Amino acid sequence: GNSLPVILSDFSVRLFNNQAELSWVTDQENNSDHFEIERSVDGTTWTTLAKIAAKGNSSVQSKYAFTDRTPAAGINYYRLKMVDMDNSYDFSEIQSVRAAASVNVRVYPNPASENVYVSLPSAAASVRLLNTAGQILQERKPAAGAGTISFEVSSYTAGTYFVQVIKTDGTSSNSALLIK
């Protein structure tokens, strides 16, 4: 009898900083060649994001990870295609996460000492400078079509702050800012 090429004991996906972090664990691998990370936005059409080499033959637990840095806005479905050395394959169970729409925000310079500039997507409704307690220190509403706004930060003590961009659809994203 043929033994299973891969015994997958865990496969999970979590969203962190609007990036999908995939991790999986195998308890055993026999003639395993590689893993293909596949993503779908509709659960039907799959795209291969990456190919990760497998251990090949192993009877000890092996841990793997991959980060999808650009998930689609909305629900993202992920699965592993576990490919054997003879090109036979099997799929993992499907895992999913919901990602916010990318806001394409750039905060510079970072660290800042006098002024900080925030380049914005067209859908930005307001931009806030927050302290680590979440208190709003400054807020700006960009003019229609404004690409960049600035905050004067020289009066703040050195430390970590956050720039929060709130989009017209109500979603928001935070970027860490170091003031020196």
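Biologist: Does Asn87 count as buried or exposed?
Modeller: This is a predicted model with residues numbered from 1 along each chain as its sequence is written, and side-chain values use heavy atoms, with hydrogens and water left out. Local features need pLDDT of at least 70 and side-chain atom pairs count only at pLDDT 80 or more, while totals for chains, interfaces and linings use all residues. Buried means under 20% relative accessible area, exposed over 50%, and partly exposed in between, with a 1.4 Å probe and protein chains only. Asn87 has 58% relative accessibility, so the residue counts as exposed.

Biologist: Where does Asn87 lie?
Modeller: Phi of Asn87 is positive, near 70°. Most residues other than glycine have a negative phi. Strands are DSSP runs of E with at least two residues, helices are runs of H or I with at least four, and both are numbered from the N terminus. Asn87 lies in the loop between β6 (74-84) and β7 (89-91).

Biologist: What is the phi of Asn31?
Modeller: Asn31 lies in the loop between β2 and β3 (32-40). Asn31 counts as partly exposed because its relative accessibility is 40%. Its phi is positive although the residue is not glycine, with a value near 55°.

Biologist: Which residue does a cis peptide bond join to Tyr108?
Modeller: Most peptide bonds are trans. In this cis bond, omega is about -15°. Tyr108 is joined to Pro109.

Biologist: What is omega for the peptide bond from Asn110 to Pro111?
Modeller: Pro111 is also found in the loop between β9 and β10. The bond from Asn110 to Pro111 is cis, with omega near 10°.

Biologist: What is the bridge partner of Tyr108 in β10?
Modeller: Two strands pair if DSSP finds at least two bridges between them. β9 and β10 run antiparallel and are joined by three bridges. In β10, the partner of Tyr108 is Tyr117.

Biologist: How many aromatic pairs does the structure hold, and how do the rings of Tyr89 and Phe91 sit?
Modeller: Rings of Phe, Tyr and Trp (its six-membered ring) pair if their centres lie within 6.5 Å; planes under 30 degrees apart count as stacked, over 60 as edge-to-face and the rest as tilted. The structure holds six aromatic pairs. The rings of Tyr89 and Phe91 have centres 5.4 Å apart and planes at 70°, so this pair is edge-to-face.

Biologist: Which charged end sits over the ring of Phe91?
Modeller: A charge sits over a ring if NZ of Lys or CZ of Arg is within 6 Å of the ring centre and within 35 degrees of the ring normal. Phe91 is partly exposed because its relative accessibility is 31%. The charge lies 3.8 Å from the centre of the Phe91 ring and belongs to Arg79.

Biologist: What is the bridge partner of Thr26 in β5?
Modeller: Strand β2 (residues 19-29) and β5 pair in the antiparallel sense over seven bridges. Strand β5 (residues 62-68) has a covered face with Ser62, Tyr64, Phe66 and Asp68. The partner of Thr26 is Ser62.
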